[in-house]
Amino acid sequence: MERIKLFLQGMELDNRTAALWTGAACAVGTFVMLVRKISIHQKTKKKIQRARNRRTESLQRAEQAVLQYKETHPMTNSDLILTLSLSELTKQLQEGLLSPEEVYYSYMEKTLDVNKKLNCCTGILLESFDQLKTVASNKKGLLYGVPVSIKENIAYKNHDSSCGVVVYLDQPAQTDSVIVEVLKRQGAIPFVKTNLPQGLLNYDCGNHIYGQTVNPHNLQKTPGGSSGGEGALIGGGGSLLGIGSDIGGSIRIPASFCGISGFKPTAGRLSSQGISPIYRGQKSVLSTSGPMAKDVDSLVLCMQALLCDHMFSLDPTVPPIPFNTQIYQSSKPLRIGYLENDGYTYPSPSMVRGIREVKALLEQAGHTLVPYTPLKLDHILPELIVKAILADGGTTLLKKLEGGPLHPCLGVQVLPYYFPKWLKKTISFILKPLSPRISAVFNAICGVGSVADLWKQHADVEDYIQETVAEWRRCNIDVLLCPVIGPAFNFLYCGKLTSAVSYTMLYNLLNFPAGVVPVSTVTAEDEEELKHSKGIYQDQWEKFFKQAVTGGEGLPVAVQCVALPWQDELCLRFMKEVEELVKQSRK
């Protein structure tokens, strides 16, 4: 009996000891986790601060250089230089009527001024001051002496391509991207990098590293994204020509919101080497870089400059197809498909009016307009586009966002990606009778289930492209006129309205070249009509869309022009036709 008592007392002591040790271990574990969290937070703050310091230093050094230049060159007529179109500017540079220095410092001064208002730059490329001294060696280049802005995710040696996320900071590029190399060979001077949204996969333009960029036409509106810094800088007059990238409208949406032209080429037509996506390996919805500028001729000159032997040599994966000037300059009447409404995202009144006005001008000019409807968008958007972008259920994207807080423009969009799969499926089931569109997207963000499912998804994309091409053949159309999202949104709606990219992202899936041309501005009548807009689905997304575009009077209105794959020159020719007809109608 005594032995049993002693044993039980020992057990009791052991249990107490175990409990004490367990409690101590938990306390130590919690402390270690807390210390680690604080350490990560401190490292994040330091990384962000270093990036901001680099930007501030580059802006200050550029300001000092501009002041010194103005003191020693008081006769430079910057106001006149800033009014010249790209074609006029390049002509005067080639003829020696203007020097690269005059042009460079005029645009540098304007960029610095625009950035103070719009917060569109992530840093001045100080190496451009050195390039300016040697640019005469490339005087035969098509862009000789032209300052060019580039989106932050385009590699420039010794500069970060952060994509707006902390994990990519302090990883400067080892070499220039192919596009930057070609621009330099053609005499252009890349001089500034521009802002983008956190993680790229959003069409606003804000992140916790460089802050929120605003619209040049209304500081209470977003400039769009993800090439929003480019759109704002060019729209504000701080750059004549810029390079953006586009995976779902990232060139075309900011072009629409900021009142400029933008062109998404066929993916593969320009080199993608050195252009950073937020993650690699996704092959269904294709990204491509492309030019952004005030007019179509500038886009064309940029494409002519880039599509050269130097690019084809640097990147042999690009098909060696020079720009076909004959197609661009053709005046042959076109058969043009058109739509006012894609049946998925209800357009704003100004979007519809823009299409109707351009349609009338095209018909008066002798072109044939044919009604066209995109195929199966309610199925395609969730099943082929969302499932492609988030095939892994968003896991990779969320990993890239680690180490820093979510920016408000992205938070609502990515919050469901954190949900476990069973919860996404449950929400999708509950929402199905109430909101079929939102239900389908919740199901799609679960991703694909297996490798076999991914292969099937790829096959379905191929089939859909062929079906769409066959539909174009059936309608016998050369090009397509369709809306682009607009006018510019109020802040914090882009993340709530991923559905609105239906007008642009479709052509990334199809890999059709597409561009945007500004054609009008929002009227008081458009605003009044918006108040009575009913929509198609009458769900939460349509309520958000109405709220997003409210208060847009005076903002730019654009249309979108589309062609079949590899018919980039035809697409640009169509864009030029629209631009010219609109100009003539204003006269």
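Predicted model: local features only at pLDDT ≥ 70, side-chain atom pairs only at ≥ 80, totals over all residues.

Me: Is isoleucine 430 buried or exposed?
Reply: Buried means under 20% relative accessible area, exposed over 50%, and partly exposed in between (1.4 Å probe, protein chains only). The value for isoleucine 430 is 51%, so this residue counts as exposed.

Me: What is the area of the nonpolar surface patch made by Phe429, Ile430 and Leu434?
Reply: Patch residues have over 30% relative accessible area and no salt bridge; like charges are joined within 9 Å, nonpolar side chains (Val, Leu, Ile, Met, Phe, Trp, Tyr) within 5 Å. Areas come from the Shrake-Rupley method with a 1.4 Å probe, and for residues only the protein chains shown count as cover. The patch of these three residues covers about 390 Å².

Me: How many disulfides does a search of the whole structure find?
Reply: A disulfide here is a pair of cysteine sulfur atoms within 2.5 Å. For cysteine 205, the closest cysteine sulfur is in cysteine 409, 8.1 Å away, which is too far for a bond. Cysteine 482 is in no disulfide either, with the sulfur of cysteine 561 nearest at 7.9 Å. The search of the whole structure gives zero.

Me: What relative accessible area does cysteine 482 have?
Reply: Cysteine 205 is buried at 0% relative accessibility. Cysteine 482 also counts as buried, with a value of 1%.

Me: How many salt bridges does the structure hold?
Reply: A salt bridge is a side-chain nitrogen of Lys or Arg within 4 Å of a carboxyl oxygen of Asp or Glu. Counted that way, the total is 27.

Me: About how many helical turns separate glutamate 57 and arginine 61?
Reply: Their side chains meet in a salt bridge at 3.8 Å, N to O. Glutamate 57 is partly exposed at 43%, and arginine 61 is partly exposed at 44%. The two are four residues apart in helix α1 (residues 2-72), so the separation is about one turn.

Me: How close are the side chains of lysine 387 and glutamate 383 in their salt bridge?
Reply: Both residues lie in helix α13 (residues 377-389), four places apart, about one turn. Lysine 387 is buried at 16%, whereas glutamate 383 is partly exposed at 21%. Their N to O distance is 3.1 Å.

Me: Which residue forms a salt bridge with aspartate 526?
Reply: The closest N and O atoms of this pair are 2.7 Å apart. Aspartate 526 is in helix α20 (residues 524-531) and its partner in helix α12 (residues 349-364), so the bridge ties together parts 173 residues apart in sequence.

Me: Which exposed residues sit on the face of α20 turned away from its buried side?
Reply: The buried residues of α20 are Asp526, Glu527 and Leu530. They span an arc of only 100° (taken from the directions from the helix axis to the C-beta atoms), so they share one side of α20. The face turned away carries Glu525 and Lys531.

Me: Which elements do the buried residues of α20 pack against?
Reply: Contact means heavy atoms within 4.5 Å. The partners are α12, β12 (514-521) and α21 (540-549).

Me: Which residues does serine 256 touch, not counting those up to four places away in sequence?
Reply: Serine 256 lies in helix α8 (residues 252-258). At 1% relative accessibility, serine 256 is buried. The residues touched are Val484, Ile485, Gly486, Val516, Pro556 and Ala558.

Me: How far apart in space are tyrosine 344 and serine 502, C-alpha to C-alpha?
Reply: Tyrosine 344 is in the loop between β9 (335-338) and α12, and is buried at 2%. Beyond four places in sequence, its contacts include Leu377, Arg437, Ser502 and Trp541. Tyrosine 344 and serine 502 are 158 residues apart in sequence, but the distance in space is 7.1 Å.

Definitions and conventions
Residues numbered from 1 in each chain as written. Heavy atoms only, no water.
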